[in-house]
Amino acid sequence: MSAQVYDNLIHGDGYSVLPALISPADATDVRQQVLDRLSEGSPAGEGAVRLPDILHWGKEYENLATHPELLALAHRMLGNDATLASFSARVLLPGCAPGGLHVDFPYWAMNPGMPVEPALMMQVIWMMEPFTEVNGGTWVAPGSQQWTGKPDLERFEQSAIQATGNAGDAVVSHGLLWHRTAVNHSDAPRVAILINFTQLTVKPMSPWGEFDTDFVERMSPELRTLLCLDYGKALQRRIAAHTG
């Protein structure tokens with residue numbers, strides 16, 4: 001599966017919807033937890049709320065970051081020492097404004113024309129409920145990871161479609177894919193978990209702070225690698241692999 005999805009992210013649509021990675025019931029539980037703590041978030045545009053750095057909330061969140069299918073794809077795109085650049089919840093409240101058109105970090109901070117392969121970033125949007133054209137399924141422009149130049153709204157709107165799916169599905173995309181947040185026309189909040197994976201050598205836009213001892217002690221080896229707690233050793237392994 002990862003080889004086929006990888007090819008699509010690089011050479012095809014630039015994104016794929018991976019179905020039923022977790023159960024709808026598990027997705028609903030996470031959705032409710034996010035809504036219960038909505039007051040802890042901060043504005044992320046008009047009518048949208050972001051809750052950053054929520055990985056420590058519980059084992060179910062760690063499992064979202066280390067899901068085997070996602071890790072296989074991240075390792076194929078970014079290397080076996082791929083790291084976790086961000087982990088947050090995004091809630092679109094009813095009637096929210098559309099988000100700005102963009103590519104993901106680090107590409108928006110770099111000059112246009114960066115190569116598609118090797119990739120520097122892979123984003124995951126976990127659907128904690130069905131994504132529809134009504135409640136704000138993310139707008140994407142298929143194949144736009146191959147386009148050159150800065151994102152242009154007129155060009156984007158000529159081919160953009162909304163990514164839709166069911167609770168427990170995940171949208172994976174190349175960091176260069178042109179996309180924007182949609183309007184939530186429903187009468188209920190739309191909840192997603194956003195994850196960004198990156199290459200070891202890309203500095204996260206929002207570096208992780210210190211983790212409490214209990215969280216560190218229960219980390220799986222996969223999560224420890226993603227959080228790059230042993231950055232010096234990981235970097236030395238990368239140097240050794242290239243200097244042989």
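Is threonine 198 buried or exposed? Threonine 198 is buried, with a relative accessible area of 1%; here buried means under 20% relative accessible area, exposed over 50%, and partly exposed in between, with a 1.4 Å probe and protein chains only. Some notes on that residue and the rest of the model follow.

1. Ground rules first. This is a predicted model, where local features need pLDDT of at least 70 and side-chain atom pairs count only at pLDDT 80 or more, while totals for chains, interfaces and linings use all residues. Residues are numbered from 1 along each chain as its sequence is written, and side-chain values use heavy atoms, with hydrogens and water left out.

2. Back to threonine 198, which is found in strand S10. Helices (H or I, at least four residues) and strands (E, at least two) are DSSP runs, numbered from the N terminus. Leaving aside neighbours within four places in sequence, threonine 198 is in contact (heavy atoms within 4.5 Å) with Leu78, Ala82, Thr83, Ala85, Leu120 and Met121. The side chain of threonine 198 also reaches the backbone oxygen of leucine 120 at 2.7 Å.

3. S10 belongs to an open sheet of seven strands, ordered S1-S8-S5-S10-S4-S3-S2 with antiparallel pairing. Two strands count as paired if DSSP finds at least two bridges between them. The edges are S1 and strand S2 (42–43), each pairing on one side only. S1 meets S8 in the antiparallel sense over four bridges, and serine 16 stands opposite valine 172 in S8.

4. There is also an open sheet of three strands, in the order S7-S6-S9, again with antiparallel pairing. Strand S7 (161–162) and S9 are the edge strands, and each pairs on one side only. Strand S6 (residues 139–140) pairs with S7 in the antiparallel sense over two bridges. Across that pairing, valine 140 stands opposite isoleucine 161 in S7.

5. Now helix H1 (residues 2–11), where Val5, Tyr6, Asn8, Leu9 and Ile10 are buried. What covers those buried residues includes S1, helix H4 (68–78), S5 and S8. S1, S5 and S8 turn up in the seven-strand sheet too.

6. Have a look at the largest pocket, with a volume of about 690 Å³. On a 1 Å grid over the protein atoms alone, a pocket is an open set of points where a 1.4 Å probe fits, with protein on both sides within 12 Å along at least five of seven lines, and lining residues have an atom within 4 Å of a point. Grid points are joined across faces, edges and corners, and the volume is the space filled by probe spheres set on the points. Of the 33 lining residues, Arg90, His102, Asp104, Gln123 and Leu194 are the closest to the centre.

7. Which strand gives the largest share of that lining? S4 does, with five residues. Strand S3 (48–52), S4 (83–92), S5 (121–127), S9 (179–180) and S10 (190–198) each supply at least two residues of the lining. By class, the lining has 15 nonpolar, 12 polar and six charged residues. The classes: Ala, Val, Leu, Ile, Met, Phe, Trp, Tyr, Cys and Pro are nonpolar, Asp, Glu, Lys and Arg are charged, and the others, Gly among them, are polar.

8. The second largest pocket has a volume of about 300 Å³. Its lining takes in 21 residues, and the closest to the centre are Val103, Pro112, Gly149, Lys150 and Pro151. That lining has 12 nonpolar, eight polar and one charged residues.

9. Most residues other than glycine have a negative phi, and most peptide bonds are trans. Phenylalanine 105 and proline 106 are joined by a cis peptide bond with omega about 10°, and the bond from glutamate 117 to proline 118 is cis as well, with omega near 0°.

10. On positive phi, alanine 20 has a value near 50°. Alanine 20 lies in the loop between strand S1 (15–18) and helix H2 (24–36) and is exposed, with a relative accessible area of 58%. Aspartate 53 also has phi near 50°; this residue is found in the loop between S3 and helix H3 (59–65) and is partly exposed at 32% relative accessible area.

Note on methods:
Polar contact = N/O pair within 3.5 Å; in protein donor to acceptor, adjacent residues only side chain to side chain.
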